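User: I would like to learn how to read a structure like this one, feature by feature. Could you begin with the chain as a whole and then move to single residues?

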Amino acid sequence: MNISVEKTLAEQSILTAEQVVAAFAEVRAQAETDLRGVSNEKQFEEFRNHWLGRKSGVVTKITDNWLKQAPTDLKKSVGQEFNKFKTALEALIEERRVGIEAGAEEAASAKDRVDLSLPGVMRALGSRHLIRQVFQEIEDIFFSIGFSVVEGPEIETPYYNFEALNIPEFHPVRDDMDTFYMELPPSSGGKAAPGQLLLRTHTSPMQIRTMEKQKPPVRVIVPGRVYRRDNPDATHSFAFHQVEGLAVDTDITFCDFTGTIEYFVKQFFGPSVKTRFRPSYFPFTEPSVEFDVSCVFCGGSGTTSSGTCGKCKGAGWIELFGAGMVDPAVYGFVGYDPKKVSGFAFGIGIDRLAMLKYGIDDIQAFFQNDVRFLKQFP
Ligand code: PHE
């Protein structure tokens with residue numbers, strides 16, 4: 001730009017209206033050229049300051065040096081040209097502002113745009129807990145011989161957990177089971193308090209609940225969680241899992257009982273495993289037995305290459321579960337005729353079974369939910 005806005009028009013020998021028009025045309029052309037070089041918000045701000053800045057912007061200088069200093073006969077045309085120039089400049093600036101903002105938005109949205117061809121975020125899929133898997137294995141085995149599955153409450157009344165199972169109050173077997181009682185709120189709204197409640201110590205209460213509901217024949221298994229006042233160590237936990245079994249009909253014998261158990265054990269551990277039972281005692285079965293399997297770690301020999309087998313402690317047998325023929329006294333609690341029906345029941349400790357089958361040496365691993373452990377059983 002040859003013309004200067006720092007000097008007055010007279011100083012630049014601009015003396016006629018035509019020259020004034022030409023001078024403004026030159027300034028305007030400069031503004032247009034400058035504006036063409038503006039391509040982002042920062043440059044736009046700089047441009048605006050240079051041209052419209054209040055103290056030393058070009059427009060201010062034109063006002064001060066050209067307009068205010070114009071001789072009287074030129075004042076009118078300088079004023080007119082100045083107004084035209086200012087309107088044009090503002091229009092140009094506005095147009096550019098819209099363009100720049102749109103560009104910025106486009107850039108921003110390009111940044112946020114989702115690329116559908118990229119691979120997605122893979123979230124690791126969980127798997128069933130080993131205890132659930134073992135429940136399922138056991139259920140499948142018993143399904144195949146005509147049992148069905150029922151489940152029951154973990155919070156029980158002493159009646160179902162003890163009395164109806166022929167365990168009266170003060171019976172010594174309660175000692176290791178008399179454990180987690182609930183503190184109940186006092187009765188409200190005229191309703192009687194529900195009486196004492198406890199966390200069930202075994203799945204056997206479901207024997208009673210099942211027989212109360214249905215007439216023989218009964219063939220059920222009951223998978224579930226149970227609770228006892230055991231201090232946690234490698235083989236004890238205050239919560240663990242059982243599968244209860246109950247079969248009652250008019251002609252069930254001890255042979256049906258041992259045959260069923262043996263079938264289950266061989267299905268679960270494999271055909272080479274041997275079983276035996278020893279006399280035991282449960283108030284709700286008579287006779288009662290304890291079922292053992294030949295040790296799956298030493299093949300029943302009691303010894304391994306490194307000496308005495310640590311799992312069965314040299315015995316060659318591992319205690320697996322309690323069972324027996326249903327005590328006739330129990331039928332009295334559920335309205336069955338003990339002269340007409342007979343049956344057997346068993347209670348399998350699932351955590352133990354899973355530990356044996358999968359070589360786990362600490363029951364706590366089932367409850368810690370450490371993914372490094374869980375991942376080994378997908
Ligand atoms: N409920 C017994 C226990 O938890 C096991 C059992 C079940 C025994 C059924 C006999 C019959 O120890």
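Analyst: Of the 378 residues of the protein chain, 42% count as buried, where buried means under 20% relative accessible area, exposed over 50% and partly exposed in between, with a 1.4 Å probe and protein chains only. This is a predicted model, in which local features need pLDDT of at least 70 and side-chain atom pairs count only at pLDDT 80 or more, while totals for chains, interfaces and linings use all residues. Residues are numbered from 1 along each chain as its sequence is written, and side-chain values use heavy atoms, with hydrogens and water left out.

User: How many helices and strands does the protein chain have?

Analyst: Helices (H or I, at least four residues) and strands (E, at least two) are DSSP runs numbered from the N terminus, and the protein chain has twelve helices and eleven strands. Its radius of gyration is 46 Å, well over the 21 Å that the globule rule gives for 378 residues, so the chain is more spread out than a compact globule; the radius is taken over C-alpha atoms, and the rule is 2.2 Å times the number of residues to the power 0.38.

User: Where does arginine 209 lie, and why does it count as partly exposed?

Analyst: Arginine 209 lies in helix H7, residues 205–213, and it counts as partly exposed because its relative accessibility is 23%. Leaving aside residues up to four places away in sequence, arginine 209 touches Pro153, Glu156 and Tyr160, a contact being heavy atoms within 4.5 Å. The buried residues of H7 include Ile208 and Thr210, and among the elements that cover the buried residues of H7 are helix H6 (158–161) and strand E2 (155–156).

User: Over the face of which ring does arginine 209 lie?

Analyst: A charge sits over a ring if NZ of Lys or CZ of Arg is within 6 Å of the ring centre and within 35 degrees of the ring normal. Arginine 209 lies over the face of tyrosine 160, at 3.9 Å from the ring centre, and lysine 357 lies over that of phenylalanine 268, at 4.2 Å.

User: How many aromatic pairs does the structure hold?

Analyst: Rings of Phe, Tyr and Trp (its six-membered ring) pair if their centres lie within 6.5 Å, with planes under 30 degrees apart counted as stacked, over 60 as edge-to-face and the rest as tilted. The structure holds 25 aromatic pairs, including the edge-to-face pair of phenylalanine 24 and tryptophan 66, at 5.3 Å centre to centre and 85° between the planes. This pair links helix H1 to helix H3, 42 residues apart, and both phenylalanine 24 and tryptophan 66 are buried.
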